[in-house]
Amino acid sequence: MRIAIFIDDICIPKLKSGVKHIFLFDVDNELVKAIGEELMRITDINYVCLWLLGKRVKVIYYDGFSAVEKTILERSGMKIRVFDEIKDHPILEALLVKLPKPQTPEGAF
């Protein structure tokens, strides 16, 4: 199954808001294989839908689609999942990285 994960791009200045980093993965029984990434501005849902269909994406993890956008994507045969559902997927959970808590230097307030 091919999945797409949409993430807000934090490296691009706010002047280019709406730009998302899209990661594509093939997920099989016990294997996750990264197959690509793309920077995309989400302005035209029809273009996004065609792009995802061309990549044969079946499941999308993203919280930012409107109800109309979700409907368009679901009618095209894709499932929309909220980003937090990655934690519930036994294979995709391995993609999550837990960041260590920042250390405060001694003597800091």
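Tutor: Let us begin with a term: strands, marked E, are DSSP runs of at least two residues, numbered from the N terminus. Lys 20 is found in such a run, strand E2, which covers residues 19-27. Please keep in mind that this is a predicted model.

Student: What makes Lys 20 count as buried or exposed?

Tutor: Buried means under 20% relative accessible area. Lys 20 has a relative accessible area of 11%, and therefore Lys 20 is buried.

Student: Which side chain makes a polar contact with that of Lys 20, and how do you know that the term applies?

Tutor: The partner is Tyr 62, at 3.4 Å from side chain to side chain. A polar contact requires N or O atoms within 3.5 Å, so the pair of Lys 20 and Tyr 62 meets the cut-off.

Student: Where does Ile 42 lie, and what does Ile 42 touch?

Tutor: Ile 42 lies in the loop between E3 and helix H1, residues 45-54. Leaving aside residues up to four places away in sequence, Ile 42 touches Phe 6, Gly 18, Lys 20 and Val 48. Ile 42 and Lys 20 are 22 residues apart along the chain, and 7.1 Å separates their C-alpha atoms.

Student: Why are E2 and E3 called paired strands?

Tutor: Two strands pair if DSSP finds at least two bridges between them. E2 and strand E3, residues 32-41, are joined by 9 bridges, so they count as paired, and they run antiparallel. The two strands form a hairpin with 4 residues between them. Within this pairing, Phe 23 stands opposite Glu 37 in E3.

Student: Which side chain is in polar contact with Glu 37?

Tutor: That of His 21, at 2.6 Å. The cut-off is 3.5 Å, so this pair of side chains also qualifies as a polar contact. His 21 has its place in strand E2. With a relative accessibility of 18%, His 21 falls under the 20% limit and therefore counts as buried.

Student: How many salt bridges does a search of the whole structure find?

Tutor: The search finds 2 salt bridges. One of them joins Asp 26 and Arg 2, whose closest N and O atoms are 2.8 Å apart. This pair links distant parts of the chain, 24 residues apart: Asp 26 is in strand E2, and Arg 2 is in strand E1, residues 2-8.

Student: Why is the contact between Asp 26 and Arg 2 called a salt bridge?

Tutor: The term requires a side-chain nitrogen of Lys or Arg within 4 Å of a carboxyl oxygen of Asp or Glu. The N and O atoms of Arg 2 and Asp 26 are 2.8 Å apart, so the name applies. As a general point, side chains of opposite charge can pair when their charged atoms come close.

Student: Where is Arg 56, and why is Arg 56 assigned to its accessibility class?

Tutor: Arg 56 is found in the loop between H1 and strand E4, residues 59-61. Exposed means over 50%; Arg 56 has a relative accessible area of 54%, so Arg 56 is exposed. Phi of Arg 56 is near 60 degrees, a positive value in a residue other than glycine.

Student: What makes up the largest nonpolar core?

Tutor: This core has 17 residues; among those with the most contacts inside it are Ala 4, Phe 6 and Leu 52. The elements giving two or more residues to the core are E1, E2 and H1. H1 supplies the largest share, 5 residues.

Methods: Residues numbered from 1 in each chain as written. Predicted model: local features only at pLDDT ≥ 70, side-chain atom pairs only at ≥ 80, totals over all residues. Heavy atoms only, no water. Buried < 20%, exposed > 50% of the residue type's maximum accessible area, 1.4 Å probe, protein only. Polar contact = N/O pair within 3.5 Å; in protein donor to acceptor, adjacent residues only side chain to side chain. Contact = heavy atoms within 4.5 Å. Core = buried A, V, L, I, M, F, W, Y, C linked by side-chain atoms within 4.5 Å.
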